[in-house]
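Dear colleague,

I am passing on the structure that we talked about, and below it you will find an account of what turned up when it was examined. Please read the notes with the coordinates open beside them.

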There are 2 protein chains.
Amino acid sequence: MLNDERPSRTELSELGEFGLIERLTRNIKLVNSSSVKAVGDDAAVIDHAGKLTLVSKDLLVEGIHFDLSYTPLKHLGYKAAAVNISDIAAMNGKPTQLLVGISVSNRFSVEALDELYTGIRLACDKYKVDLVGGDTTASAAGLFISVTAIGVADPGKVTYRSTAKENDLICVSGDLGASYLGLLVLQREKEVYKANPAMQPELEGYDYVLERQLKPEPRTDVVELLGKAGILPTSMIDISDGLASEVLHLSKDSNLGCRLFEEKIPIDVVTADVASEFKMDPTTAAMNGGEDYELLFTIDLDDLDKVKAIKGISVIGHMTSKDEGEYLVSKGGSMYPIQAQGFEHLKD
Amino acid sequence: MLNDERPSRTELSELGEFGLIERLTRNIKLVNSSSVKAVGDDAAVIDHAGKLTLVSKDLLVEGIHFDLSYTPLKHLGYKAAAVNISDIAAMNGKPTQLLVGISVSNRFSVEALDELYTGIRLACDKYKVDLVGGDTTASAAGLFISVTAIGVADPGKVTYRSTAKENDLICVSGDLGASYLGLLVLQREKEVYKANPAMQPELEGYDYVLERQLKPEPRTDVVELLGKAGILPTSMIDISDGLASEVLHLSKDSNLGCRLFEEKIPIDVVTADVASEFKMDPTTAAMNGGEDYELLFTIDLDDLDKVKAIKGISVIGHMTSKDEGEYLVSKGGSMYPIQAQGFEHLKD
């Protein structure tokens with residue numbers, strides 16, 4: 001039963017996150033007719049009795065996804081719940097339940113976990129989601145949070161990544177790039193603090209970008225607004241890894257190309273100001289920053305007027321045929337190939 | 001948003017695992033009518049459309065739940081899936097889907113994760129469960145596995161922990177204590193190896209207890225057999241933390257007491273032999289060892305003949321009124337109070 005065989009070694013960094021997931025899940029064959037959609041979208045889709053149950057799962061790992069030196073535990077709990085609720089929204093579903101697994105070293109006190117759970121409960125209250133289970137256990141070091149979100153959707157109303165059509169309009173909710181700049185502000189103040197612990201962090205004027213980083217809000221309201229407007233997106237994904245990475249998911253999975261127009265990408269004025277302070281192009285923050293948790297979706301051309309009537313939705317481009325490739329058209333009219341440079345924790 | 005308030009500090013060890021879960025989940029109010037059962041059982045129960053969806057979540061953490069120096073990764077993957085499938089079986093449900101979250105440091109190669117997933121897929125194949133999603137991410141150190149199992153059950157057929165009745169018979173599947181003794185064998189051989197790496201581990205003759213530790217099998221077959229026999233257990237739980245801990249769960253949650261009879265506890269002859277080698281009472285291994293993943297359940301007295309006709313089920317005691325307490329009646333006829341001394345990782 002035990003053996004010392006040592007297979008050849010491939011470093012995780014050689015594959016990257018998506019390559020790894022593809023490799024680990026490529027041999028999966030589904031045997032239950034209730035398994036409507038398995039890996040490869042924001043959530044799994046399960047048909048247990050007519051209505052569809054959506055299930056998503058995300059891990060948050062200390063030292064990788066969060067740094068407790070500038071992340072209050074209450075915010076961390078809120079965010080852990082929020083990002084999973086966002087996955088259900090990205091499937092055009094209504095989030096209903098949450099399960100939370102926490103693995104924690106004895107460096108943490110009970111009061112620290114209380115704080116974390118307070119944040120989780122705040123998000124559950126706000127989004128009317130029930131915390132129905134989970135697991136709490138020790139870890140040798142660090143804090144690991146594993147959240148499973150469950151939701152429900154009507155058959156025929158679930159939005160996948162793979163169903164965009166050529167000429168569909170690409171839309172995005174809210175504004176982009178702020179969360180990443182909030183992270184840069186927090187990292188800068190941490191360095192200042194490390195250099196001189198007597199210094200108070202200077203966070204005034206950065207409220208918006210900090211809030212976007214520390215307390216992201218899943219756009220369940222957008223799902224409702226689209227439903228009320230009679231719009232069924234042809235594909236949808238939430239923006240966790242940056243606009244570039246997500247639009248490539250929609251394009252690749254739908255076997256299409258895309259055009260994004262830089263001037264159409266919604267960026268808040270505060271985001272632009274902070275970006276300029278960091279000598280960063282705000283478009284770069286929007287394309288590659290990630291963690292905005294806005295919804296990116298495609299709609300049929302016929303739905304353009306309906307979507308224009310919804311406040312806070314921007315039309316930022318359109319899908320093309322596959323051989324036209326994936327390009328960002330700059331404000332000056334140049335074409336830049338879109339490349340995923342977002343979330344690549346496994347390449348660290 | 002950020003503050004340095006330091007609340008009073010309570011160590012995790014002061015509460016223990018169950019105390020901690022109770023504390024973290026005590027303020028939870030359910031808002032969705034589909035949330036049939038939340039925390040406090042083997043799995044959550046969700047009613048999305050008539051049939052019930054069961055969802056369970058368990059974490060396995062390196063250095064806490066497993067030691068990679070003697071746990072082959074393929075076995076670990078199998079076990080991670082198996083223990084979650086067991087949670088669904090413990091609710092009298094049929095497991096249907098699995099989501100797997102893995103957080104891993106770059107100490108691990110891609111081939112190592114392949115091995116882990118091979119084990120997960122083996123368990124999925126054997127138990128006809130679909131792997132439908134998950135998350136793979138980096139960790140600063142160590143390997144964390146978070147599995148969510150989903151299952152289905154007919155309304156009225158789900159077995160909870162809290163519904164045993166006075167005088168119900170207490171039954172258990174298979175035999176107990178072997179898994180813990182398998183762990184002791186592995187730990188002993190690890191010490192031998194550390195003292196002298198040239199020594200080969202002596203594992204011959206220990207196959208049964210090692211297999212029970214490294215490759216536990218969830219008892220979905222027992223769920224089927226009970227169903228075919230027309231037996232609906234009045235309560236059920238799986239044995240992850242030892243018979244003592246689990247029977248106390250059924251008693252406490254059902255507001256009852258219990259009597260277990262030592263001579264009725266099923267123990268394999270190999271388990272008894274290995275126990276004597278370790279100068280351990282095999283009853284202690286059964287009561288407090290854990291990780292047997294057998295099903296512990298109660299039935300109405302009227303179902304005694306039906307359950308006796310099923311091979312591999314032992315009747316080991318009965319439920320009493322609460323004021324009669326929880327006792328183990330020894331082979332000599334003495335009464336010992338039952339105390340949970342099982343899984344207490346948080347007290348380490």
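I begin with strand S6 of chain B (residues 143–153), where eleven of the eleven residues are buried, so the strand is largely enclosed by the rest of the structure. Buried here means that 20 or more other C-beta atoms lie within 10 Å of the residue's own, while 12 or fewer makes a residue exposed and anything in between partly exposed, with C-beta atoms placed from the backbone. Strands are DSSP runs of E with at least two residues and helices are runs of H or I with at least four, both numbered from the N terminus.

Please bear in mind that this is a predicted model, in which local features need pLDDT of at least 70 and side-chain atom pairs count only at pLDDT 80 or more, whereas totals for chains, interfaces and linings use all residues. Residues are numbered from 1 along each chain as its sequence is written, and chains are lettered from A and ligands numbered from 1 in the order in which they are written.

To return to S6(B), both of its faces are covered: Leu143(B), Ile145(B), Val147(B), Ala149(B), Gly151(B) and Ala153(B) are buried on one side, and Phe144(B), Ser146(B), Thr148(B), Ile150(B) and Val152(B) are buried on the other. Strand S4 of chain B (residues 94–104) runs antiparallel to S6(B) and is joined to it by ten bridges; two strands are taken to pair if DSSP finds at least two bridges between them. Within this pairing Ile102(B) has Ile145(B) as its bridge partner, and Gln97(B) has Ile150(B). S4(B) is itself buried at eleven of its eleven residues, so this strand too is largely enclosed by the rest of the structure. S4(B) also pairs with strand S5 of chain B (residues 130–138), to which it runs parallel through eight bridges, and there the bridge partner of Val104(B) is Ala138(B).

Also in chain B, helix H2 (residues 73–89) packs against helix H3 (residues 110–127) at an angle of about 40 degrees, with the two axes 6 Å apart. That angle makes H2(B) oblique to H3(B), a class that holds whatever is not under 35 degrees (roughly parallel), over 145 (roughly antiparallel) or 65 to 115 (roughly perpendicular). Axes are lines fitted to C-alpha atoms, for helices over the stretch in contact, and angles run from 0 to 180 degrees between N-to-C directions. The contact, which counts residues whose C-beta atoms, placed from the backbone, lie within 7 Å, includes Leu76(B), Ala80(B) and Ile85(B) of H2(B) and Leu116(B), Ile120(B) and Ala123(B) of H3(B).

Seven strands of chain B form an open sheet of mixed pairing, in the order S8-S10-S7-S11-S9-S12-S13. Strands S8 (235–238) and S13 (335–337) of chain B stand at the edges with a single partner strand each, so one side of each is left without a neighbour in the sheet. Neighbouring strands of this sheet are turned by 25 degrees against each other on average, direction ignored. Strand S9 of chain B (residues 257–261) runs parallel to strand S12 of chain B (residues 326–329), with four bridges between them, and Phe261(B) has Val329(B) as its bridge partner.

Thr284(B) lies in helix H9 of chain B (residues 282–288) and, with 15 C-beta neighbours inside 10 Å, counts as partly exposed.

As for chain A, it has ten helices and 13 strands, and buried residues make up 55% of its 348 residues. Of the contacts in chain A with a separation of 6 or more, 83% are between residues 24 or more positions apart. In helix H5 of chain A (residues 207–214), Val209(A), Leu210(A), Arg212(A), Gln213(A) and Leu214(A) are buried, and what covers them includes helices H2 (73–89), H4 (178–195) and H8 (269–277) of chain A. Strand S9 of chain A (residues 257–261) is joined by four bridges to strand S11 of chain A (residues 313–320), which runs antiparallel to it, and Leu260(A) stands opposite Gly317(A) in S11(A).

With best regards

Technical notes. Contact = placed C-beta atoms within 7 Å.
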